[in-house]
Amino acid sequence: MTLRLLESELATSIDELVSQAAVMAARGAELAERERRLGDEAVTALTRAGFPAHFVPRRWGGREGDFASLLTAVAEVGEGCASAAWCAGLWAAHSRFGAFLPERGQRDLWESSPDVRIATGLAPHAARAVRTDPGDWSLSGQWECVSGIDSAHWVLLAAAVPEDEGEGAVRVFAVPRADVEVVDSWHSTGLRGTGSNTVVLGPTSVPHHRSFALAGLLAGRPGDDGPRCHSVPAQLVGGLIFCAPAVGAARAALRAWSDWAAPKAATAAPGSELHRTLARSSAEIDAAGLMLAEAARRADEEPVTRLGVARNQRDAAVVIDLLVTAVERLFRTGGLHARDGGGTVERCWRDVHTVSAHAVLQFEGAATQYAAAALAR
């Protein structure tokens, strides 16, 4: 059998596993809402579908995958459960982060399996790391909104380090999930099933090989001869991964709204609000999907430039605005069906709005970055 056929069979298998994961995510969506965490069956299905291993280096059995296929898969899962899609996308993204660890640190994560689920806390509040000797750090602190922590094997935690270390003001440390305390703090309106709780860590020794400078992740590795997915800067792709669950949720809301509207369409007046809502919201959701796909293609294929990074940041902010507008219209016109507290439209409306609140997706900052790059002389 040729390599091309083997790759084709693998792709087909992954597509099937992603579809199965989407089904399991949909079945577990109500449970995830109630429990404020993903159910074990959904976690297992997402892991089997390859999300945690998507960006893991091939030498550890991972895929070193691309962004386009990841966003397509995340959006598909998002049609069943945006919380499951959010965790799936982040588990993939965080394996990309793990690839910035030194070789020995990567071995600690993936030597036994590439299917390691990694959570992150990259917004330190009271976090601090100090050298205890040349080979170790003492890490302590508190990190909020650590998505998927209940199902994680490892967690990457950012902390400020003394300026005289000469390795950047902030480092990221890999810590076993069993070493941290999880505080039940996630009571969000949307994405309730992500279990984005608070992580607390008392003074804990972390070897130097389980850490890397955050600046390296943000800047990427220009000119690096490794796989492209490990070399691009975080700002080029971060917003895209956040948007993908919202694309899926918006598609699910449109489908549920259409099921409700179909019996009414026959008697609706030409050009009625029902017709306008369907046409406008479906177009906005389609446009958001196309913009996201094109931004992913750029991340996979085009040379990395300041303008290209700013363009992807701009487009991610516009994509989420389109989705919020589309789902808001569906929710507003859907009657009691959309506002009964437990319907699909209502849940998707909450999820899309919660995604839109993420700091990375705010249009003002993206517009400033884009103008600075586009108008530079």
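I began with what covers the buried residues of helix H6: the cover includes helix H5 (82-98), strand S1 (118-121), strand S4 (154-160) and strand S5 (170-176). Contact here means heavy atoms within 4.5 Å. Helices (H or I, at least four residues) and strands (E, at least two) are DSSP runs, numbered from the N terminus. The model is predicted, so local features need pLDDT of at least 70, side-chain atom pairs count only at pLDDT 80 or more, and totals for chains, interfaces and linings use all residues. Residues are numbered from 1 along each chain as its sequence is written, and side-chain values use heavy atoms, without hydrogens or water.

Which residues of H6 are buried? In H6 (residues 103-110) I found Gly105, Gln106, Leu109 and Trp110. Buried means under 20% relative accessible area, exposed over 50%, partly exposed in between (1.4 Å probe, protein chains only). Down the axis of H6, the buried residues fall within an arc of 115 degrees, so they line one face of the helix. The arc is taken from the directions from the helix axis to the C-beta atoms.

Arg36 has a phi of about 60 degrees. Arg36 sits in the loop between helix H2 (29-35) and helix H3 (40-48). Arg36 is buried, at 16% relative accessible area.

Cys145 also came up, with a positive phi near 55 degrees. Cys145 belongs to strand S3 (residues 136-146).
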